[in-house]
Amino acid sequence: MPISRRILAVAAVCAVLPLSGCGSGDDGGSSDASGRIEGDITFQTWNLRANFKDYFDGLIADFEKKYPGTEVKWIDQPAEGYADKISADAAGGTLPDVVNVSPDLVAPLAKAGLALDLDKAAGQYRKEYLDGAWASHRIPGMTGTYAFPWYLNTGPLFYNKSLFEEAGLDPDQPPKTYDELFTDALELAKKSDGKVATLANVPTVEDFGRYGVPLMNAEGTAFAFNDAKGIELLTKYKELYDAKALDPQALTATPESSGKKFLTGAVAMNPGSAMDLGNFKKQAPNLYKNIGITDQITSTGHVNMYVMGVMVNAQTKKKAASVAFAHYVTDAEHQMSFAKKVAIFPSTAGSLDDPYFTKEDGTDETRVRIAAAKSLKNAVNYTPVLFSEQMKTALRNEVAKALQGKESPEEALDNAVKACDTLLRQQG
């Protein structure tokens, strides 16, 4: 998976699998992963060979040395079309033994009985991982966990201290909750006569999650973000939009366009990464001098995490070796060594307390890494595993209609839920 974790469109695997396999939740064989760790297995990653060949070659060699009689064949697929490749392999019976997945890719595989339930097969390892990370590969309406959590990511929120100060707000006390955000945003817009927006992006499903809106029913059969709390959030965003506290071009914003608005001082807050600080230093020294770093806005006390996982094919003939290797890739020692090669974070319990994630050294990269690591300890993956790219588009379109006044927030969310429920039924 590309480290930026841009989510690809997810192919609905069930659409191309024999109907008898879909929705059964049966792993098609024993979940017993005990026995001798031996035999040849295949391991598939997502666009990682180009930059990390030496790392994975070493990892595989060490595993094979630890377990004589094993051989791991490493396959790396390009980012483009990865979901389609998994779908085709699943349909053709050629899915590798161990597969790098994201939660949205696991869902159709688990429903089709192709993802091993690790609560049954490898439950002894659960305590090694952060609770939120382990839970991220659970599927609504099913029991079980269907991939080992691997690397995590999250983004801090940058804010422009000088813009806060000019509006009479405390530059060292940025908003933490949505209520604080809405109050500060309206004040910033008012004091700047609508010239400074606080945000440049419309609310996504993650915002609804961080606001405390229930996103789906417990069975995973219908979406629920059109409840009173969801309507309340969209109503508040409409107020921001009308007051120019939400950038007027937010309806068509991209991460790049939002970043430019923040760079020029037209927007007071923007999500980002360590790389952005270098850009600010070069392109906007005044902004860099006044940059503040804070957590994502959340009213639940938990920020959002993006998570990658390592799934075991439930149909593998080498279950013991496949489970052992998937665990080996994602154990604390190997996650920590991978995190030091690239800007990601380990999902293993206790790893985020390492000095690498807690000790300042004066560099921008470390400053952002520490801020992100601190927030990840109790983060959750808010995006429902069943929420597809088409569903994201449906929600975005309805949110735009509400902000423009073409529909009420209640109508917009009812329509969005209806569209998403229709797409959900098509998946299953």
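The paragraphs that follow treat helix packing, aromatic pairs, charges over rings and a few loop residues.

This is a predicted model, in which local features need pLDDT of at least 70 and side-chain atom pairs count only at pLDDT 80 or more, while totals for chains, interfaces and linings use all residues. Residues are numbered from 1 along each chain as its sequence is written, and side-chain values use heavy atoms, with hydrogens and water left out.

Helices (H or I, at least four residues) and strands (E, at least two) are DSSP runs, numbered from the N terminus. Two packed helices are described by the angle between their axes and the distance between the axes. Here axes are lines fitted to C-alpha atoms, for helices over the stretch in contact, and angles run from 0 to 180 degrees between N-to-C directions. Angles under 35 degrees count as roughly parallel, over 145 as roughly antiparallel, 65 to 115 as roughly perpendicular and the rest as oblique.

H1 and H14 have axes 11 Å apart and pack at an angle of about 165°, and they are therefore roughly antiparallel to each other. Their crossing is right-handed; a crossing has this hand if the near helix is turned clockwise from the far one by less than a right angle, and is left-handed if anticlockwise. On the H1 side the contact (heavy atoms within 4.5 Å) is made by Phe52, Tyr55, Phe56 and Leu59, and on the H14 side by His334, Ser337 and Phe338.

H1 also packs against helix H13 (residues 319-330), at an angle of about 130° and with the axes 11 Å apart. That angle makes H1 oblique to H13. H1 passes H13 in a right-handed crossing. Leu59, Ile60, Asp62, Phe63 and Lys66 of H1 make this contact with Ala321, Ala324, Phe325, Tyr328 and Val329 of H13.

Several of these residues return in the aromatic pairs. A pair of aromatic rings is described by the distance of the centres and the angle of the planes. Rings of Phe, Tyr and Trp (its six-membered ring) pair if their centres lie within 6.5 Å; planes under 30 degrees apart count as stacked, over 60 as edge-to-face and the rest as tilted. The whole structure holds 31 aromatic pairs. One of them joins Phe56 and Phe338 edge-to-face, with 5.7 Å from centre to centre and 65° between the planes. This pair links distant parts of the chain, since Phe56 is in helix H1 (residues 49-66) and Phe338 in helix H14 (residues 332-339), 282 residues apart. Phe56 is buried at a relative accessible area of 0%, and Phe338 counts as buried at 1%; buried means under 20% relative accessible area, exposed over 50% and partly exposed in between (1.4 Å probe, protein chains only).

Phe158 and Phe280 form another edge-to-face pair, 5.5 Å centre to centre with 80° between the planes. Phe158 lies in strand E5 (residues 157-160) and Phe280 in helix H11 (residues 274-283), so this pair ties together parts that are 122 residues apart in sequence. Both Phe158 and Phe280 are buried.

Ring pairs also build a cluster whose members include Phe52, Tyr55, Phe56, Phe63, Trp74, Phe325, Tyr328 and Phe338. A charge sits over a ring if NZ of Lys or CZ of Arg is within 6 Å of the ring centre and within 35 degrees of the ring normal. The charged end of Arg369 is placed likewise over the ring of Tyr356, 3.8 Å from its centre.

How do H9 and H16 lie relative to each other, and what is the angle? The axes of helix H9 (residues 228-242) and H16 come within 9 Å and cross at roughly 55°, and the two helices are therefore oblique to each other. H9 passes H16 in a right-handed crossing. Leu234, Tyr237, Lys238, Tyr241 and Asp242 of H9 meet Val399, Ala402 and Leu403 of H16 in the contact.

Ala402 is also one of the residues touched by Glu407, together with Glu398, Lys401, Ala412 and Asn415, not counting residues up to four places away in sequence. Glu407 is placed in the loop between helix H16 (389-403) and helix H17 (409-427), and is buried, with a relative accessible area of 16%.

Two further loop residues have positive phi. Asn47, in the loop between strand E1 (39-46) and H1, has a phi of about 60° although it is not a glycine; at 34% relative accessibility, Asn47 counts as partly exposed. Lys244, in the loop between H9 and helix H10 (255-263), has a phi near 65° and counts as partly exposed at 45% relative accessibility.
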